[in-house]
Amino acid sequence: PVEVKRRKIAVLGARSVGKSSLVKQFVEKQFIDSYYPTIERAYVKNISYKGNEYVLEIFDTAGQDEFSPLKAQYAIGIHGYVLVYSIASTDSFEMVQILRDKILDYCGVTDIPCVIVGAKSDLHSSRQVQLSELEKLAEANNAACVETSAKDDVNVGRVFQLCVQEIERRLSSNQTA
Ligand code: GDP
């Protein structure tokens with residue numbers, strides 16, 4: 001029998017950076033160009049990664065700021081994180097480090113599987129954050145990174161492949177899989 005692996009992924013980031021659009025594009029293959037502030041929602045999507053089948057449970061969140069306490073459901077039992085900012089917002093980029101630090105603090109660990117996502121990569125003329133800054137942040141945090149556009153469907157699947165990659169490389173090094 002084929003073993004199906006279940007992985008829980010939380011999508012966090014500042015408000016309106018494109019978290020829901022990213023998840024909706026990935027799960028439902030659609031982009032809606034109007035802004036509805038997200039009610040927290042869970043999605044399920046099956047993917048294959050390195051010949052294994054995975055069931056991803058993806059938690060789309062309402063959006064965080066530096067003052068919002070991390071909710072327990074986004075820390076306990078979560079295997080991997082997708083931390084999203086908008087390439088058109090330096091403030092949202094700075095939230096990524098704040099969020100990662102909050103997660104580490106909450107979980108009492110020094111490392112978490114995570115992918116840092118520069119969303120809305122189609123907004124060329126409003127760009128405030130360079131790709132090189134993203135790469136630097138990712139390296140400093142032992143994270144994977146990618147720029148995406150949910151609107152143009154660029155690198156959307158890649159986000160979740162990378163997240164599973166980050167989860168699996170830690171599991172295999174701990175041999176607790
Ligand atoms: P969330 O609050 O982080 O979940 O953000 P949403 O997914 O609701 O997106 C906020 C706004 O940004 C909406 O008006 C979206 O249409 C828009 N948006 C989301 N993703 C993209 C993208 O890839 N490109 C562009 N140009 N706009 C986007």
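Visitor: Which residue takes a positive phi just after H3?

Guide: That's Asn 142, with a phi of about 55° just after H3. Before we go on, a word on what you're looking at. This is a predicted model, where local features need pLDDT of at least 70, side-chain atom pairs count only at pLDDT 80 or more, and totals for chains, interfaces and linings use all residues. Residues are numbered from 1 along each chain as its sequence is written, and side-chain values use heavy atoms, with hydrogens and water left out.

Back to Asn 142: it has that positive phi although it is not a glycine. Its place is the loop between H3 and S6. (Helices, H or I with at least four residues, and strands, E with at least two, are DSSP runs numbered from the N terminus.) Asn 142 counts as partly exposed because its relative accessibility is 35%. Here, buried means under 20% relative accessible area, exposed means over 50%, and partly exposed is in between, using a 1.4 Å probe and protein chains only.

Now for the helix itself. H3 covers residues 131-140, and Leu 134, Leu 137 and Ala 138 are buried in it. They sit on the same side of H3 because they cover an arc of only 100° around the axis; that arc is taken from the directions from the helix axis to the C-beta atoms. Turn to the face away from this buried side, and you find the exposed residues Lys 136, Glu 139 and Ala 140. What do the buried residues of H3 pack against? Their partners are strand S4 (80-86), helix H2 (90-107), strand S5 (114-119) and strand S6 (144-147), where contact means heavy atoms within 4.5 Å.

With a relative accessible area of 28%, Lys 120 is partly exposed.

Lys 120 also takes us to the ligand: one of its polar side-chain atoms lies 2.9 Å from a ligand oxygen atom. An N or O atom in the side chain of Ser 21 is 2.6 Å from an oxygen atom of the ligand, and a backbone N or O atom of Gly 18 lies 3.0 Å from a ligand oxygen. On its own the ligand has 570 Å² of accessible area, and the protein covers 91% of it. Such areas come from the Shrake-Rupley method with a 1.4 Å probe; for residues, only the protein chains shown count as cover.

Altogether, 17 residues surround the ligand, the closest being Ser 16, Lys 19, Ser 20, Ser 21 and Asp 122; a residue is near if one of its heavy atoms lies within 4 Å. This shell divides into six nonpolar, six polar and five charged residues. (Ala, Val, Leu, Ile, Met, Phe, Trp, Tyr, Cys and Pro count as nonpolar, Asp, Glu, Lys and Arg as charged, and the others, Gly among them, as polar.)

Terms used: A polar contact is a pair of N or O atoms within 3.5 Å; within protein, one must be able to donate a hydrogen and the other to accept it, and residues adjacent in sequence count only if both atoms are side-chain atoms.
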